[in-house]
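Open the model in your viewer and keep the selection tool at hand. The tour goes stop by stop.

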Amino acid sequence: MDILNLLLQGISVSIIPANLLSCIIGVLIGTLVGVLPGIDTVSAIALLLPFSYGMDSTAALIMFAGIYYGSKYGGSTTSILINVPGEAASVVTCLDGYPMGQKGRAGAALAISAIGSFIAGTIGLIGLTLLAPPLAQAALAFGPPEYFSLALVGLILLSKLTGTSTLKSVLMAVIGIMLSTIGLDSLSGISRFTFGIDELDRGFDLSIIAMGLFGIGEILTAMTHADAKPDIPSVKFRDLYPTKEEWQRSITPMFRGGIVGFLVGLLPGPAATISSFISYGLEKRYSKHPEEFGHGAIEGVAGPEAANNSAISATMIPLLSLGLPFCGATAILLSGFMIHGITPGPSLITERPELFWGLIASMYIGNVLLLIINLPLIGVFVQLLKTPLNILMPLVAVVTLTGAYSINNSMFDLIWVIFFGILGFLLQRVGFEPSPLIIGLVLGPELERGLIQGLIICNGNIWTFITRPLAATILSLGFIVILYNFFTWFTKFNNKRKELDVNRY
């Protein structure tokens, strides 16, 4: 009851006109940030930090938080409509969201995305409200060996993410890991694989590669089919919403994605992106229609979109309870706290309860506002599909290249966006899916950092990774998955051989 009373006190703070207006502005800006490719959450909050100096600290932090979780709602829009992820966490939504749009079900995909985000966001907020202190302590039990084990098992679990062969997926993931090593080593500060090019010292930005592989790559693909006119039927407003079957197939993935996202969000790293990939892999494994994944499976939209929104709420737990930012966006949020003279941590709950609980209560309100804002606009978003390709694709190119330039204000980034766009186009032409490359790029730094720091802690003894209980448990899970995949492959191979023998005689 104490928590409920404190939450009610927080609601009374969050509905103060100035704070409520800040929440509305934050979620609106966040939605636009998610919709526009290349303009990420970190950049948006960083640009607005100077404008918050004259604001009340509670109102400013409510606005920044609204931008943070609001951006994950908007990120799916361009993924579904034009195969360009508005946010890195929406990369996986392209796999089934865009094919659904091509089948005339873009409205259903957008609706499921918005509703799934709302449900999972609420799950995450309930967890944030009830479990912040104990779960933050549990996250601290992970050391470098555990992070290495988690990243390694993550690569194993996601090796069958796409419909291509495991070998092709692993090859693309390895290329992603190789790309993640370019730039300054985070531990030693040594410049690696830059060939004397100063711009490469900062490494490859995930948004740059994602916009190139999926955005420019899609533009080039559309150019090769310039004469093909997509058959997009006129859809009435009532037809924009999911069918009964789509609802039934989406409910479980929404809740499962919400739980997965919340658990992953408690760990350092790009939780929203990682959780969306994990959720997609789980839904494909447990689906009754795995053959539909990659061709417009509604579960492939519902699960990942739910996961990345739930992860956002979970990432606030270590930030508010311990003052530890576990990802780039919460790091910039920490800057927002600091410039207003507030230090997040255990003392925040006792010294500034009105701010702590007001911020959490505003996230409940913002979650409802995002649902109200996004659902009525579904019809507007779907109409974009009817834009002729000779008009739409140049606009997509301008938005993508402008967004890529705005990340670092660098022409050098534009060159890499175009390069990865050509690479993504060629990869798809020869049967390779670029998504595992993104996985390798995301998990590569975690894999390397965990291995090196773990070896330092263990004095170079690699066997310590197996003797630590938590790390050993995670690695055992990965080993079981490998055995299961091998057994499945061997069974299929053996059955195929028997069929050939029968046909021969």
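Select Ile115. Is Ile115 buried or exposed? Ile115 counts as buried, at 14% relative accessibility. Buried means under 20% relative accessible area, exposed over 50%, partly exposed in between, with a 1.4 Å probe and protein chains only. This is a predicted model: local features need pLDDT of at least 70, side-chain atom pairs count only at pLDDT 80 or more, and totals for chains, interfaces and linings use all residues. Residues are numbered from 1 along each chain as its sequence is written, and side-chain values use heavy atoms, with hydrogens and water left out.

Ile115 sits in helix 6 (residues 106-139). Helices are DSSP runs of H or I, at least four residues, numbered from the N terminus. Now show the contacts of Ile115, meaning heavy atoms within 4.5 Å. Leaving aside neighbours within four places in sequence, Ile115 touches Trp247, Met254, Leu371 and Leu375. Draw a line from Ile115 to Leu375: their C-alpha atoms are 8.4 Å apart, across 260 residues of chain.

Next, the aromatic rings. The whole structure holds five aromatic pairs. Rings of Phe, Tyr and Trp (its six-membered ring) pair if their centres lie within 6.5 Å; planes under 30 degrees apart are stacked, over 60 edge-to-face, the rest tilted. Select Phe356 and Trp357, an edge-to-face pair with 5.1 Å between centres and 85 degrees between planes. Phe356 is buried at 2% relative accessibility, and Trp357 is buried at 6%.

Move to Trp416 and Phe420. Their ring centres are 5.9 Å apart and their planes at 35 degrees, so this pair is tilted. Both lie in helix 18 (residues 411-429), four residues apart, about one turn of the helix. Phe420 is buried, at 1%.

Technical notes: Helices (H or I, at least four residues) and strands (E, at least two) are DSSP runs, numbered from the N terminus.
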